[in-house]
Amino acid sequence: MAKAFFRLQKFLRRTQFLLFFLTAAYLMAGSLLLLQRTRLVIQQGSRGTSANQALLVPDGMAGVGIVDPRTLQNPHPGPRLLVGMDALQEPALDPQHSPRWLMSRNSELRQLRRRWFHRFTSDQEPMQTAGFKAMKHTAEHKGTYMGCFSDDSRERTLKGAVFYDLRKMTVSHCQEACAERAYTYAGLAYGAECYCGNKLPATASKPEECNSECKGEKGSICGGVNRLSVYRVEELRAGERRRRNVIYRGCFRAPENLTDTFPASLIQPNLTVEMCSEFCSKKEFPLAVIQGQECYCGYPTGRFSLHDGADRLLCSGMHNTSSNAEGKYCLVYQTPVQDTRCTDRKFLTTKSKVFVALSSFPGAGNTWARHLIEHATGYYTGSYYFDGALYNKGFKGEKDHWRSRRTICVKTHESGKTEIEMFDSAILLIRNPYKSLMAEFNRKYAGHLGYATDRNWKSKEWPDFVNSYASWWASHVLDWLKYGKRLLIVHYEDLKQSLIPKLKEMVEFLNMTVTEDRLLCVENNRDGNFKRSGAKQKDFEPFTQEMKDLINRYILTVDEALRGRNFTGLPREYVPR
């Protein structure tokens, strides 16, 4: 008996030691993993350092290599331009001497990751019963709840306008957005998507199938997976005149056969722009075309592309056909209805064989280019970073791993041999450095849609920003020219001026084929959700003569490098102001 007890005691001691050892090993492994992840965050935030290498060397330091002006004791030495690309090096950056703006970008990246993690964990919270929420949801909001309906993305009924907000979507927000655009119904799906239209979906579903909680409103239901929570929104504007956002597009030569070109028409005595726009809005068409007493509704197409405008005088006296150059011209207006022929997007069904970068300096229009590419191809674009603001507005590729190859191309601001050679090819987007610097400074201090204050522009931060970022603008282009395997150079200004031809080049470079109607739809939705409203004019010149001299030398360097690689040089408007 004693022998058996001794064996049991020995076994328990071994087991206790084994459990202690496993616990210690587990804690050590967890600590190492945490340290590794912290190191990766810092590395990813500082990968732009090779792009931030300066192209200036102070007098007396020739042959020493490329130096970041901000690491010098005297930040304003007489600069001497290095023209030869082979002279570019990738200096190791000592963290103790990192410029403040780089540390700020690392901090921003960590905050974005924290916000993403917070949203991810909050999405996992248990939900209450769907029936109770639907009842609560109906009682709290002004619109009439019509029920839960099936949603087929290929044959969607509510397709007049589409909105995404993967962080702040609420029932009220969707209803108001649809009501302002004169729609009768608002439908919500996936907790974050809003669809507008004038017809109810045909197939009703069980109430409990609408079970996705609204991203911006706990306790409310915003549809479900392939399910729409539909509201009638007319009651939101009862007793008020709905706001109409009708935009004059111009006077154009009418197509030969109007009835064949436009799907819907109306003949109305004393026809007004408001009458025609309202008729076309109810029919869910983005264009309202007026010729005399006739109203036509439709889309931009190859037969009516809206590319060749005419003098408005040719459309004068539209209610008198005989005075309208014998009916050869028509007035065109943009209705509040969104052109949805190109809004459907998805991830690639199979992994892409070619890893393509969409590379640019910050502030060069990368987000806008992504919007154009996604709507033209129908596939999401990815990102080397994670920007919660972009993800919340429908750029779903933001949350996909940048090396997943499920996106058509990947946004990056990185440069340097290692970062560039990871990609098989790249679209290199270049913008006037004066405009890029101002756009990035605005984003840094006021977000994607805001403007920096006069106080920001007149502070010490602005000259420090220019001193650091101007060299990055040049080194970014030079690095991609040096290490890029296959490049398509696109100038932001050319893309803006000749959208469809340049977008065709980009789509062909991505080995995709799209229809002309889809490209015209992209052109009709060209601005997207991240265009600053107007150009906020400042009553002072933000660039000093010293800044201009610095930037102009970088412009000449990049222009020479482009021509040396048999690419088109920089547009003339870049050259010294």
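Which residues point one way from E5, and which the other way? Tyr185, Gly187 and Ala189 point one way, Ala186 and Leu188 point the other way, and all are buried, where buried means under 20% relative accessible area, exposed over 50% and partly exposed in between, with a 1.4 Å probe and protein chains only. In a regular strand the side chains alternate between the two faces of the sheet.

The structure is a predicted model, in which local features need pLDDT of at least 70 and side-chain atom pairs count only at pLDDT 80 or more, while totals for chains, interfaces and linings use all residues. Residues are numbered from 1 along each chain as its sequence is written, and side-chain values use heavy atoms, with hydrogens and water left out.

The chain holds 16 helices and 20 strands; helices (H or I, at least four residues) and strands (E, at least two) are DSSP runs numbered from the N terminus. Of its 577 residues, 50% are buried. The accessible surface of the chain is about 29800 Å², and carbon and sulfur atoms account for 52% of that area, as given by the Shrake-Rupley method with a 1.4 Å probe, only the protein chains shown counting as cover for residues. Among contacts (heavy atoms within 4.5 Å) between residues at least 6 apart in sequence, 76% join residues at least 24 apart.

Strand E5 spans residues 185-189 and is mostly covered, with 5 of its 5 residues buried. E5 pairs with two strands, pairing being defined by at least two bridges found by DSSP. With strand E6 (residues 193-197) the sense is antiparallel, over 5 bridges, and alanine 186 stands opposite cysteine 196 in E6. These two strands form a hairpin with 3 residues between them, and tyrosine 190 in the turn has a positive phi of about 60 degrees. With strand E9 (residues 227-232), E5 pairs in the antiparallel sense over 4 bridges; here tyrosine 185 stands opposite arginine 232.

E17 and strand E18 (residues 410-412) are joined in the parallel sense over 2 bridges, with serine 383 opposite lysine 411 in E18.
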